[in-house]
Structure formats: structure tokens, C-alpha cells
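My entries follow in the order I looked things up.

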Amino acid sequence: MDGNTEYGRKKFKRSRSHFADRITADGKESGWPVEAGRYRLVVSRACPWASRVLISRRLLGLEDALSLGVTDPIQDDRSWRFTLDPGDRDPVLGIRFLSEAYDARETGYPGGVSVPAIVDVPSGELVTNDFQQITLDLATEWTALHREGAPDLYPEALRGEIDEVMEGVYREVNNGVYRAGFATTQEEYEAAYADVFRRLDLVTERLAGQRYLVGDTITEADIRLFTTVVRFDAVYHGHFKCNREKIAENPVLWAYVRDLYQTPGFGDTVDFDHIKRHYYAVHTGINPTSIVPVGPDLSGWTEPHGRESLGGRPFGDGTPPGPVPADERVPEGHRPVP
């Protein structure tokens, strides 16, 4: 069965990550040490939470150290599936559904199967699905495997401010659009809608005079805001009824998100086809016809943004990431072409 009829029919609540083990430099905390080639990152390009990890992995140059499995954007009630791969199996893990890695870790696990997920290749067991922690650990625990010139995405001197900004963005933007979209009463919807645009107004004010959210370089805070804002006009504005305005109608946020989109490591991970097909085809409780809109027009994503006039150094003392590996490129037709 394609789709999920429960979406939009019961009150939305973001579940906490049940598998919150951490992969650390020495492995002492949970027994999972950083080790090149040992783990596989499983994502859906449709999912904003998974997209955080895709961007971090690219910016830090971890493609060779942490392999990548990409699921079909059409998730069914059996979980994320590997139908984009030959034989409908992940070529490294040998499984058809991500739920198999969850079952290998905990038989009969009753919770949902979510991405991003990091799987231990030798055992086939899920290590972690903690979307809040994974990217922080990539930035701070995987440093021995970072590429030369990798940026500091979570600089120690700014962590307090970064955490404060990210908390508000998570609560009212990242999670807020879901609370609006999956609301089951008018009151729930209107409260979430108000939160979304209250926070977007605050970040708009913040970004009017500075290029990035915290400091003068890209940080984890920018990654977390980007993954929601890049999806906003394509899905959240209409599908989730967050329709006070489009991002393209907000001059500051539209320029900001295009600046990031055109930065290597951001836009080259975004698959607009996967994004739209997942939201509109899977959330059948909200969109029972599963009709996927043709629009919006994507050509504006490659237009000049003018944010360079605010200064800032995207990668700080570092350098941009190299080209996208050939087998990880977003297909033409799934992204705007300059």
C-alpha cells in the first residue's frame, strides 16, 4: 500500500529518537567509534531532517568515510524502501526496507521507522536515528576524517548562540510546519500557523543585516533553517496550509535561501522531485488524490541573490567542498538548471 492514511487524521506529535546512541571519536560513550567505511547513512532526499545530514556530510567531505543509501521518496506503511536500487535492495546492507535494520537492532520495535538513520554495516544493526544529534557529532566527533579545508559548522565560541537560535527554529519552523499540516482542529492549525510566521518574521529581521544566522560563516543553524525554507513554497505553503506568504515573496528570506542553495553542499543535495512526490503522494490523509502539483517554477533558484554585499565568509578559513560524487548527483529534471 502506498501512502499513509494516518497522516492528517490524528494529532501530530514529533516522537523522540528511540535509538540515540552516538558515534564518537573514541567510542567510549556507547561503543560506536568513528571508523571510515564502517557505517552507512540512510536518507530520503524528501525529508528535511535527513537533508541536514546530507548537507553536513558534503560540507565536511565525509562522502568516502560514510557511505550513502537513498530510499524511494514514496514511503509505504512498511517503512522507507530501497526501490531505487537494483533488485529493490540496498547494495551495501542487502535489505529491502530500512525497518530491517531497526529489527536487527531491536526485534519487534513498536515505534516508527525514520530517517536519517546510521546503520552499522558489519552487523546490519541500526546505530542511531537521533536527527538532532547526528549532525553535531559529524561536526565535532568525526574531525579526524574531515576533508582538508572543512568548515567549522559548530564553533565552540558560538555554540550558546547557535543552540538558542536552533531551538526557536526547531520548535516553530522545522516542527511548526508539521504541526500546522497535520493539525486535526482549527485551533491547533491556527496556533501552529502563528508560530511558523512569528519565527520566520524574527529570522527575517535577524538576516536583514547579516548574511548568516550566527557569526559571519555558515553554521549548523543555517543548515537547519535551510532544509525547511527550501521546501516551503513547494510543499508547506499549499500542502501544509502555511500560506500567509511564500518565501519568494519575502525579499530577505528569498535572497538568503538562494544564497545557501547556490553554495556548494546545499543545493546540490536538494531533489525537488523527491520532495514533492513524497509529501503529496504519501500524506493521503491530507491529499487523498495523491496528485502532485506541477509547480512551482524553479528557475528563480539560480538567479543572483545579492547577499555578498553583507560580507561574511561562507566557509570561514576553509574551502568549498569538491564536486558531488557521480553516483550521488541529483538527476536533471529534479532540480533547476542554470
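This is a predicted model: local features need pLDDT of at least 70, side-chain atom pairs count only at pLDDT 80 or more; totals for chains, interfaces and linings use all residues.

**Entry 1: α7 and α8**

The axes of α7 and α8 cross at roughly 110 degrees and come within 10 Å. An angle from 65 to 115 degrees counts as roughly perpendicular, and α7 and α8 are therefore roughly perpendicular to each other. I then listed who makes the contact: Asp222, Leu225, Phe226, Val229 and Val230 on the α7 side, and Tyr256, Val257, Leu260 and Tyr261 on the α8 side. By class, I have eight nonpolar residues, no polar ones and one charged in the contact of α7 with α8.

Is α8 largely enclosed or open? I found that nine of the 11 residues of α8, which spans residues 251-261, are buried, so this helix is largely enclosed by the rest of the structure. The buried residues are Leu253, Trp254, Ala255, Tyr256, Val257, Arg258, Asp259, Leu260 and Tyr261. I looked up what they pack against and noted α6 (186-207), α7 and α9 (272-282).

**Entry 2: α4 and α7**

Next I went back to α7 (residues 220-236) and took α4 (residues 159-174) as its partner. The two pack at an angle of about 10 degrees, and their axes are 9 Å apart. That makes α4 roughly parallel to α7. From α4, I noted Ile162, Val165, Met166, Val169, Val173 and Asn174 in the contact; from α7, Glu220, Ala221, Arg224, Leu225 and Thr228. The contact of α4 with α7 holds seven nonpolar, two polar and two charged residues. I see Leu225 listed both here and in the contact of α7 with α8.

**Entry 3: leucine 138**

I picked out leucine 138, which lies in helix α3 (residues 134-140). Its relative accessible area is 1%, and leucine 138 is buried. Which residues does leucine 138 contact, leaving aside neighbours within four places in sequence? I found Val53, Ser56, Arg57, Leu60, Leu62, Leu66 and His146. I also checked alanine 25, which is 113 residues from leucine 138 along the chain; their C-alpha atoms are separated by 9.9 Å.

**Entry 4: glutamate 35**

For glutamate 35, I noted a place in the loop between β2 (32-33) and β3 (39-43). Glutamate 35 has 39% relative accessibility and counts as partly exposed. Not counting residues up to four places away in sequence, glutamate 35 touches Ala65 and Leu145. Isoleucine 118 is 83 residues from glutamate 35 along the chain, and I read 13 Å between their C-alpha atoms.

**Entry 5: the chain as a whole**

I finished with the totals. I count nine helices and six strands in the protein chain. The radius of gyration is 19 Å, close to the 20 Å that the globule rule gives for 338 residues, so the chain is as compact as a globular protein of that length. Along the principal axes, the C-alpha atoms fill a box of roughly 50 × 50 × 35 Å. Of the 338 residues, 54% count as buried. The accessible surface comes to about 14,300 Å², and 48% of it belongs to carbon and sulfur atoms. Of the contacts between residues at least 6 apart in sequence, 72% join residues at least 24 apart.

Key: Residues are numbered from 1 along each chain as its sequence is written. Side-chain values use heavy atoms; hydrogens and water are left out. Axes are lines fitted to C-alpha atoms, for helices over the stretch in contact, and angles run from 0 to 180 degrees between N-to-C directions. Helices (H or I, at least four residues) and strands (E, at least two) are DSSP runs, numbered from the N terminus. Angles under 35 degrees count as roughly parallel, over 145 as roughly antiparallel, 65 to 115 as roughly perpendicular and the rest as oblique. Contact means heavy atoms within 4.5 Å. Ala, Val, Leu, Ile, Met, Phe, Trp, Tyr, Cys and Pro count as nonpolar, Asp, Glu, Lys and Arg as charged, and the others, Gly among them, as polar. The radius of gyration is taken over C-alpha atoms; the globule rule is 2.2 Å times the number of residues to the power 0.38. Buried means under 20% relative accessible area, exposed over 50%, partly exposed in between (1.4 Å probe, protein chains only). Accessible areas come from the Shrake-Rupley method with a 1.4 Å probe; for residues, only the protein chains shown count as cover.
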